[in-house]
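Please walk through this model with me, one feature at a time. Keep the sequence and the 3D view open as you read.

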Amino acid sequence: MNSTKKLRTIGWGLSVLISLFLILASASGKFTSWEGKAEMFAKLGWDKDVMFKIGIVEVGIAVLFLVPRTAFIATILLSAYLGGATATHVRVGEAFFVPIVLGVLAWIALGLRQPDIFRLAIGKPNQRTETEA
């Protein structure tokens, strides 16, 4: 297995883990009832109905992140979503590093899956053959 294929495999593995975290660990709590849910969401400034809708958005973005054709726009949407999560946690005085780390990992995962993302971010031109130039 060459290094490019290994990196893409790592990127896909990381992408699946991120999507599973978003769906199973984060969004599922927005869909289920549990003791203290209303109080916790009220502390964050959201009611249960809004959190349900946010959960739907979260699942949608997680699924789009796994589809190669929509992964780039999904990562942009995920960054915006996680920015809102960061702002919410900062506003209420809670730890806010998890959404930031998750966003950085999402971009790394996408860059490993699609190396053009890293080239675009770093500013290196695409590697073209002589016939294309």
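Phe 52 has a relative accessible area of 40%, so the residue is partly exposed. Here buried means under 20% relative accessible area, exposed means over 50%, and partly exposed lies in between (1.4 Å probe, protein chains only). This is a predicted model, in which local features need pLDDT of at least 70, side-chain atom pairs count only at pLDDT 80 or more, and totals for chains, interfaces and linings use all residues. Residues are numbered from 1 along each chain as its sequence is written, and side-chain values use heavy atoms, with hydrogens and water left out.

Start with the aromatic rings. A pair of aromatic rings is described by the distance of the centres and the angle of the planes. Rings of Phe, Tyr and Trp (its six-membered ring) pair if their centres lie within 6.5 Å; planes under 30 degrees apart are stacked, over 60 edge-to-face, and the rest tilted. The count by this rule is three aromatic pairs. One of them joins Phe 31 and Phe 52: the centres are 5.2 Å apart and the planes stand at 70°, so the pair is edge-to-face. Helices are DSSP runs (H or I, at least four residues), numbered from the N terminus. Phe 31 is partly exposed, because its relative accessibility is 34%.

Now move to Phe 72 and Trp 107. Their ring centres are 5.9 Å apart and their planes are at 75°, so this pair is edge-to-face. This pair also links distant parts of the chain: Phe 72 is in helix H4 (residues 71-91) and Trp 107 in helix H5 (residues 97-113), 35 residues apart. Phe 72 is partly exposed at 35% relative accessibility. Trp 107 is partly exposed at 27%.

What sits over the ring of Trp 12? The charged end of Arg 113 does, 3.9 Å from the ring centre. That charged end also sits over the ring of Phe 65, 5.2 Å from its centre. The rule asks for NZ of Lys or CZ of Arg within 6 Å of the ring centre and within 35 degrees of the ring normal. Thr 9 is partly exposed, with a relative accessible area of 43%.

Next comes the interior. A nonpolar core is a set of buried Ala, Val, Leu, Ile, Met, Phe, Trp, Tyr and Cys residues joined through side-chain atoms within 4.5 Å. The largest has 19 residues, and Ile 18, Leu 22, Phe 65, Leu 78 and Tyr 81 touch the most other members. H1, helix H2 (37-44), H3, H4 and H5 each supply at least two residues of this core. Leaving aside neighbours within four places in sequence, Ile 18 has contacts (heavy atoms within 4.5 Å) that include Phe 65, Leu 78 and Leu 102.

Finish at Gly 29 in helix H1. Is this residue buried or exposed? Gly 29 is buried, because its relative accessibility is 17%. Beyond neighbours within four places in sequence, Gly 29 is in contact with Trp 34, Lys 37 and Phe 41. The C-alpha atoms of Gly 29 and Phe 52 are separated by 9.0 Å.
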